[in-house]
Each structure stands twice: as C-alpha cells, then as structure tokens.
Amino acid sequence: MLHIIDHPLIKTKLNMMRDENTDHKQFKQLLDEIASLMTYEVFKDLKVVNKGTIKTPTNCEIDKLRLEKDIIIVPILRAGIGMSNGVANMLPAARIGHIGLYRDEKTLKPVEYFCKMPTVDNPLVLICDPMLATGGSASEAISILKEKGYKDIRLLCLVGVKEGVDKVLSTHPETEIYLASLDEKLNDKGYILPGLGDAGDRIFGTL
Ligand code: PRP
Ligand code: URA
C-alpha cells in the first residue's frame, strides 16, 4: 500500500526543499512542482471511460474519453494547501475539500478545527499533506472522511517515516499512500529527520 515515487526530478527538487537556506518563495514553488509530478504517478491506474464521440479538426470521429470517477482533492490545513495547488493544476475539474487539523505541540495529537467537503457521488478522494510524521493527522483525516461516507481514499505526502505509515495502515489498511521519500526517524518533538522542518511555516513564511 506504500508507493515511494522515485524520480530524478522529484529527488533533486526535494533535496532543494530540505536546504535550510531555501526561502519560502522557492520552497512553495518546489512543493507545487513536486505535487504536480507526483499526481501523474498517483493517478496512473485510473479508469478512462467512453462518454460519446468528438470530432477532430481533421474530420475524424473518435471516442470522447473522460476519467471514470470524479476527484476531490483534500488538503489538510495549513500545509496541505502547498500540495493541493500542484495537484489541481493537473486536474482542473477536480473539486476541493478542506480539513483543518493542527498537531497539539505537547501531545502531538491532531485537533480538528474545520471540515468542508463538496457533495459528489462516489468520488475518489486524495488527501494532501507534505508531512507524515506520527501519522496522527493523516489517520484522523481519513477517519473524518470515512464518517462522512467517503470510501475511495488515497493519501499523498511528500516526506514520511515508517511510524507514520504504520499508524495510517494499522487504522486504515486499505489506504494507498504515496511519498517522495521515506525518511529515517522522528526526533523527540515529533519532527521528521532529516525532514525539512515545519512545512506549514516554511510554505507560508511564518517562521
Ligand atoms: C503538520 C503537517 C501535518 C502534521 C503531521 O501540520 O502538515 O498535518 O503536522 O504530523 P503528524 O503526522 O504527527 O500528525 P501542523 O500541525 O504543524 O499544522 P500546520 O500545517 O497548520 O502548520
Ligand atoms: N510537521 C512538520 O511540519 N514537520 C515535521 O517534520 C513533522 C510534522
């Protein structure tokens, strides 16, 4: 269920993001680009269906092809916003839901403060969040969506650790998880090592 998307463009862009000297403008731009590149891989198994015909300028009639399922992109606020734009650039027709969670600094447990989802019949939902650390936030987001009736849920993160992957898969074993890198470990404050620091602060320049 774990897919590590290994590509030279993603690897080198992620390495630039890890650099402490990369400022918020470059950081946001790189995350945006990586998210678009990862989207290609995340959706490579989607079914395409025939919805009638179209005519080409060369007077040929061919099948009108569309994705079988509607897609909802769900960033976990705040840092997930930094990925959802890149995904949405590849899928302009996708709808966007939002889940607001923050990690309590002492307990590291997720606290929900917002949830707004579009109403779509049987969609594929892609949760976005750059960091999969303890896995508490991602697991909670999946639980919230399941309670609302969503069934087909994938998780797109940039950097994760085994602990976070294990937490998500122990709670939601059917979830496909996509990462650009599986990092070494968490430090005693729950930060990923080597990681890239506080993703939300680096995206929004709130350091
Ligand atoms: C970060 C990150 C994840 C969460 C990951 O969010 O964007 O949502 O921590 O940690 P976990 O796997 O241990 O739950 P944070 O709480 O810092 O909020 P922010 O995005 O608003 O900065
Ligand atoms: N959240 C972050 O933003 N960074 C980490 O390393 C862990 C959680």
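My request concerns the place where the ligands are held. To begin with, which residue has a polar backbone atom 2.8 Å from an oxygen atom of ligand 1?

Reply: The model is a predicted one, and the residue in question is Gly135, whose polar backbone atom is 2.8 Å from an oxygen atom of ligand 1. The protein covers 89% of the 500 Å² of accessible area that ligand 1 has on its own. Two further contacts may be set beside that of Gly135. An N or O atom in the side chain of Thr134 is 2.5 Å from an oxygen atom of ligand 1, and a backbone N or O atom of Ala133 lies 2.9 Å from an oxygen atom of this ligand.

The surroundings of ligand 1 comprise 15 residues, and the closest of these are Arg103, Asp129, Thr134, Gly135 and Ser137. Sorted by class, this shell has six nonpolar, five polar and four charged residues. Ligand 1 sits in the largest pocket. Two or more residues of the shell around ligand 1 come from each of the elements E6, E9 and H4.

The pocket itself may now be described. The largest pocket has a volume of about 720 Å³. Its lining consists of 30 residues, and those nearest its centre are Tyr102, Arg103, Ser137, Tyr191 and Asp198. At least two lining residues are supplied by each of strand E4 (71–77), strand E6 (98–103), strand E9 (131–132), helix H4 (136–147) and helix H6 (199–204). In terms of class, the lining has 14 nonpolar, seven polar and nine charged residues.

Ligand 2 must be considered as well, for the space that it takes is also the largest pocket. The residues around ligand 2 are Arg103, Met131, Ala133, Gly190, Tyr191, Ile192, Gly197, Asp198 and Ala199. By class, this shell has five nonpolar, two polar and two charged residues.

The contacts of ligand 2 with the backbone complete the picture. A polar backbone atom of Ile192 is 2.8 Å from an oxygen atom of ligand 2. At Gly197, a polar backbone atom is 2.8 Å from a nitrogen atom of the ligand. At Ala199, a backbone N or O atom lies 2.9 Å from an oxygen atom of ligand 2. Of the 240 Å² of accessible area that ligand 2 has on its own, the protein covers 88%.

Methods
Residues numbered from 1 in each chain as written. Chains lettered and ligands numbered in written order. Predicted model: local features only at pLDDT ≥ 70, side-chain atom pairs only at ≥ 80, totals over all residues. Heavy atoms only, no water. Near = heavy atom within 4 Å. Polar contact = N/O pair within 3.5 Å; in protein donor to acceptor, adjacent residues only side chain to side chain. Areas by Shrake-Rupley, 256 points an atom, 1.4 Å probe, with all protein chains shown as cover. 1 Å grid on protein atoms, 1.4 Å probe; cavity = no way out; pocket = protein on both sides within 12 Å on 5 of 7 lines; lining within 4 Å. Sits in = over half its atoms within 2 Å of the grid points. Nonpolar A, V, L, I, M, F, W, Y, C, P; charged D, E, K, R; others polar. Points joined across faces, edges and corners; volume = space filled by probe spheres on them. Helix = DSSP H or I, 4+ residues; strand = E, 2+ residues; numbered from the N terminus.
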